[in-house]
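User: I'm new to this one. Could you walk me through how to read it?

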Amino acid sequence: IRKSSRTIIPVQELKEKLALFKLPRRMICIDISTIQGTDTVSSLVFFENGKPLKKQYKHFIMKTVEGQDDFASMAETMNRYLKHFNPETAENEPDTEKNNWLKPDLIVIDGGKGQLSSACRILKENKTGDIEIISLAKRVEEVFLPNQSESILLPRNSSALRLLVNIRDEAHRFAITFHRKRRNTRTLSSQLDEISGKGNEKKLTLLKHFGSVDAISKAEISQLCQVKGIGEAFAKAVWDFFHPHQREDT
């Protein structure tokens, strides 16, 4: 079997098993990430013909949600995403054409009937009813469809179920990665606030180069100086900040 055929088989099976109206060649899945009730972000991953299309991945930092409220965060994410395809609002979205936003055939929601019902309302409000939607509940990987009280259990060896699990897990991974980067950046900013010559650009440059605040704290002055845009004075200030006792002894 050709590789292209193998990747489309799960998509075809998904259409048949769930009785979808059209072949879900383009699928998205949204995941909400909140740690200790703060700094909520969401991720949206995009699969085309059963494979990730990373240039269509999106991140959203919540603007209207305070604390941990997954329902509200999902609603905000969907509203901000779907307005790019709503005939009444799309023309006012300059990023739609510039970023070549592709319209999905199917939205996969991580959750059960409650999450799906809420997402269906948002889909309807955005006049994007031609996009189909389902949800996948984690516990036994139940699939819920709109207006159906009973869930569908796909066979464990089903390629369609593997596809749904893959896109759900990828959305979760993408959200956690983004959340971790934001926390690292915020931690770095707070830790370097006392350093003279500080600047957001330099903080981000260091974080991008070393990957974490912990790695920056362990770097020698010579290693910090090797980073483009980081001068010797700033490198020494960073090193002194993370090694206060050694600074006092010199």
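Analyst: Let's start with a word we'll need: a residue is buried when its relative accessible area is under 20%. Keep in mind that this is a predicted model. In strand S6 (residues 132-137), six of its six residues are buried, so by that cut-off the strand is mostly covered.

User: How do I read the two sides of a strand?

Analyst: In a regular strand the side chains alternate between the two faces of the sheet. For S6, Glu132, Ile134 and Leu136 lie on one side, with Ile133, Ser135 and Ala137 on the other, and both faces are covered.

User: Which strand is joined to S6, and how many bridges are there?

Analyst: That's strand S5 (residues 106-110), joined to S6 by five bridges, and the two run parallel. As one example of the pairing, isoleucine 109 is opposite serine 135 of S6.

User: What about helices? How do I describe a packed pair?

Analyst: You give the angle between their axes and the distance between the axes. Take H2 (residues 70-82) and H4 (residues 113-125): their axes come within 10 Å and cross at roughly 30°. Angles under 35 degrees count as roughly parallel, and H2 and H4 are therefore roughly parallel to each other. The crossing is right-handed.

User: Which residues meet there?

Analyst: From H2, you have Phe71, Ala75, Met78, Asn79 and Leu82; from H4, Gly114, Gln115, Ser118, Ala119, Ile122 and Leu123. Among the residues of this contact, seven are nonpolar, four are polar and none is charged.

User: And the whole protein?

Analyst: It has ten helices and seven strands, and 46% of its 250 residues are buried.

Key. Residues numbered from 1 in each chain as written. Predicted model: local features only at pLDDT ≥ 70, side-chain atom pairs only at ≥ 80, totals over all residues. Heavy atoms only, no water. Axes fitted to C-alpha atoms, helices over the stretch in contact; angles between N-to-C directions. Helix = DSSP H or I, 4+ residues; strand = E, 2+ residues; numbered from the N terminus. Parallel < 35°, antiparallel > 145°, perpendicular 65-115°, else oblique. Left-handed = near helix turned anticlockwise from the far one by under 90°. Contact = heavy atoms within 4.5 Å. Nonpolar A, V, L, I, M, F, W, Y, C, P; charged D, E, K, R; others polar. Buried < 20%, exposed > 50% of the residue type's maximum accessible area, 1.4 Å probe, protein only. Pairing = 2+ DSSP bridges.
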